[in-house]
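Hi everyone, thanks for coming.

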Amino acid sequence: RGMQWRPHAKGHQSPEIARRQIEAGALGITCAKIAEAEVMAAAGVRDILIANQLAGPHKMRRLAALRAICDPIVTVDHRDQVDAIEAAMKQSGQTLRAIIEVDIGLQRAGVPQVEQTLELARYVADQSSLLFVGIMGYEGHLLTLPDQQEKSRRVAEALDLLQDCRRQIENAGLECSIV
């Protein structure tokens with residue numbers, strides 16, 4: 001249907017199902033954490049979005065090893081994460097795609113404002129071992145709203161915030177190919 005889609009693998013956690021999704025037209029898959037991504041990559045899945053932020057030296061080493069066998073995308077929402085990932089990629093001599101998580105209302109993770117998202121996008125783009133490729137947001141806090149009209153309205157508002165971030169980023173001269 002012309003959508004560029006990376007379905008979440010948390011429901012099936014199966015490399016075979018992930019391969020079938022890719023054969024059916026998905027670009028790749030989404031994993032919640034690096035351990036899931038490692039399993040998928042070991043089974044031959046190459047395009048993997050890791051939706052949750054990574055932290056700590058052990059996960060940075062695992063990320064560098066993962067990058068050596070596939071082309072993951074990491075999610076960031078703070079400069080400290082960017083610095084740690086940049087250092088790991090520099091040390092391993094690799095480049096890595098990165099997207100920024102925007103808090104579109106869940107208040108669990110993500111950059112909380114459009115201006116801060118643009119600032120972090122510029123920071124990621126300035127790194128030598130990271131490639132800024134886009135933004136993401138999760139409207140999970142709205143999924144259980146019983147009133148479908150209210151739910152639709154609030155989801156649209158959340159996604160409008162994401163589109164506002166995209167416009168600001170692109171107006172600043174950065175490419176934002178993933179939303």
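By contact I mean heavy atoms within 4.5 Å. Helices (H or I, at least four residues) and strands (E, at least two) are DSSP runs, numbered from the N terminus. This is a predicted model, so to speak of local features we need pLDDT of at least 70, side-chain atom pairs count only at pLDDT 80 or more, and totals for chains, interfaces and linings use all residues. Residues are numbered from 1 along each chain as its sequence is written, and side-chain values use heavy atoms, with hydrogens and water left out.

Let's begin with helix 2, residues 34-42. Ile-34, Ala-35, Ala-37, Glu-38 and Ala-41 of helix 2 touch Lys-59, Arg-62, Leu-63 and Leu-66 of helix 3. By class, that contact has six nonpolar, no polar and three charged residues; here Ala, Val, Leu, Ile, Met, Phe, Trp, Tyr, Cys and Pro count as nonpolar, Asp, Glu, Lys and Arg as charged, and the others, Gly among them, as polar.

How do helix 2 and helix 3 pack? Their axes are 11 Å apart, at an angle of about 20°. Axes are lines fitted to C-alpha atoms, for helices over the stretch in contact, and angles run from 0 to 180 degrees between N-to-C directions. Helix 2 and helix 3 are therefore roughly parallel; the cut-offs are under 35 degrees for roughly parallel, over 145 for roughly antiparallel, 65 to 115 for roughly perpendicular, and oblique for the rest. The crossing of helix 2 and helix 3 is left-handed, meaning the near helix is turned anticlockwise from the far one by less than a right angle, while clockwise would be right-handed.

Next, helix 3 (residues 57-67) against helix 4 (residues 79-92): the angle is about 50° and the axes are 9 Å apart. That pair is therefore oblique, and helix 3 passes helix 4 in a right-handed crossing. Met-60, Leu-63, Ala-64 and Arg-67 of helix 3 meet Ala-84, Ile-85, Ala-88, Met-89 and Ser-92 of helix 4. Those residues divide into seven nonpolar, one polar and one charged.

On to helix 4 and helix 5 (residues 114-125), whose axes come within 10 Å and cross at roughly 10°. That makes helix 4 roughly parallel to helix 5. Arg-79, Val-82 and Asp-83 of helix 4 make the contact with Glu-119, Leu-120, Tyr-123 and Val-124 of helix 5.

And what does the charged end of Arg-79 sit over? The ring of Tyr-123, 3.9 Å from its centre; the rule asks for NZ of Lys or CZ of Arg within 6 Å of the ring centre and within 35 degrees of the ring normal.

Last, the backbone. Most residues other than glycine have a negative phi. Gln-13, however, has phi near 45°, in the segment before helix 1 (15-23). Gln-107 has a positive phi of about 60°, in the loop between strand 4 (96-101) and helix 5. Thanks, all!
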